[in-house]
Amino acid sequence: MVRAADGTAPATARSGDQPPVTVPRDPAREAAHRELSRDLYHQNDPGLLQRALDTFWDWIGDLFDSASSATPGGALGLLVVVLAVGAVVAALWWRLGTPRRHPSSTAALFDARPRSAAQHRAAAEAHAAQGHWNQAVQERMRAVVRALEERALLDTRPGRTADEAAAEAGRSMPAHADRLRTAARDFDDVTYGGRRATEQTYRRTAELDLGVERTTPRPTANSPRTADRPARRGTAG
């Protein structure tokens, strides 16, 4: 065997008195690169998508390796932490429901079609009979507010929101103030917050409607009736 010297590699063995043929290292490297770049050697290479996925999963693996090495207990400790976080998130989701916007509606309570309280109640009962609780809650809350307007306990104001109606009605009917606020919040939740009402939600609003109908209000300075007669303390039924 003849050993290469000064950065050259032997091309053939010494034959007789002829000196060995050598190829410089850089040209040899380029020749090998050209040879290996031929399609013949890359027919079974993974595609671009597969290489991207392999790179991604390698990155995920490195990330978990780094996290497990920094977590007490290694990979088992990391698994426990992930499960604990998942349990907390699931508990919060179950307790609070779907994330929703803050219930401060700016859209009007009523649409462009004026209807009486009786018509809103009939629509609410029709929706409830079909199990459409969102629409039933909306129509029953509209019935509550429309009935107060028909009794001149609220002035008829286009663009009034459920929150505004509950706040104004609660001043003349303090016995129902909390339930009015709850009904307004339920209305906002299903109308603007993306939440789903239940039969219990509807029954609560329907009971409020009946309770308000049986209540003799307490006139306030803002009540439409106070301009016609002196204020008189009433009773809540």
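Arg-140 forms a salt bridge with Asp-209, and their closest N and O atoms are 2.9 Å apart. A salt bridge here is a side-chain nitrogen of Lys or Arg within 4 Å of a carboxyl oxygen of Asp or Glu. This pair links distant parts of the chain: Arg-140 sits in helix 5, Asp-209 in helix 8 (residues 199–213), and 69 residues separate them. Both Arg-140 and Asp-209 are buried, where buried means under 20% relative accessible area, exposed means over 50%, and partly exposed is in between (1.4 Å probe, protein chains only).

Before going on, a word about what you're looking at. This is a predicted model, in which local features need pLDDT of at least 70 and side-chain atom pairs count only at pLDDT 80 or more, while totals for chains, interfaces and linings use all residues. Residues are numbered from 1 along each chain as its sequence is written, and side-chain values use heavy atoms, with hydrogens and water left out.

Back to Arg-140. The side chain of Arg-140 also meets that of Glu-125 in a salt bridge (2.9 Å, N to O). Here the partners are 15 residues apart, with Glu-125 in helix 4 (residues 117–129) and Arg-140 in helix 5. Arg-140 counts as buried because its relative accessibility is 6%, whereas Glu-125, at 38%, counts as partly exposed.

How many salt bridges are there by this rule? The count comes to 16. Another one pairs Asp-155 with Arg-157, with the closest N and O atoms 3.9 Å apart. Salt bridges that share partners join Arg-146, Glu-149, Asp-155, Arg-157, Arg-160, Glu-164 and Glu-168 into one network.

Now zoom out for a moment. The protein chain has eight helices and two strands. These are DSSP runs numbered from the N terminus: helices are H or I with at least four residues, and strands are E with at least two. Along the sequence, the pattern reads β-β-α-α-α-α-α-α-α-α. Of the chain's 237 residues, 27% count as buried.

Next, follow helix 5 over to helix 7. The axes of helix 5 (residues 133–150) and helix 7 (residues 177–191) come within 9 Å and cross at roughly 140°. So helix 5 is oblique to helix 7. For the angle words, under 35 degrees counts as roughly parallel, over 145 as roughly antiparallel, 65 to 115 as roughly perpendicular, and the rest as oblique. The axes themselves are lines fitted to C-alpha atoms, for helices over the stretch in contact, and angles run from 0 to 180 degrees between N-to-C directions.

Which residues do the meeting? On the helix 5 side, they include Val-137, Met-141 and Val-144, and on the helix 7 side, Leu-180, Phe-187 and Val-190 are among them. Contact means heavy atoms within 4.5 Å.

Helix 6 (residues 162–172) brings both of these helices together in our story. Among its buried residues are Ala-162, Ala-165, Ala-166 and Gly-170, and the buried residues of helix 6 pack against helix 5 and helix 7. Take Gly-170 as an example: at 11% relative accessibility, Gly-170 counts as buried. Leaving aside residues up to four places away in sequence, Gly-170 touches Ala-177 and Leu-180. Gly-170 and Pro-217 are 47 residues apart in sequence, and their C-alpha atoms are 9.6 Å apart in space.
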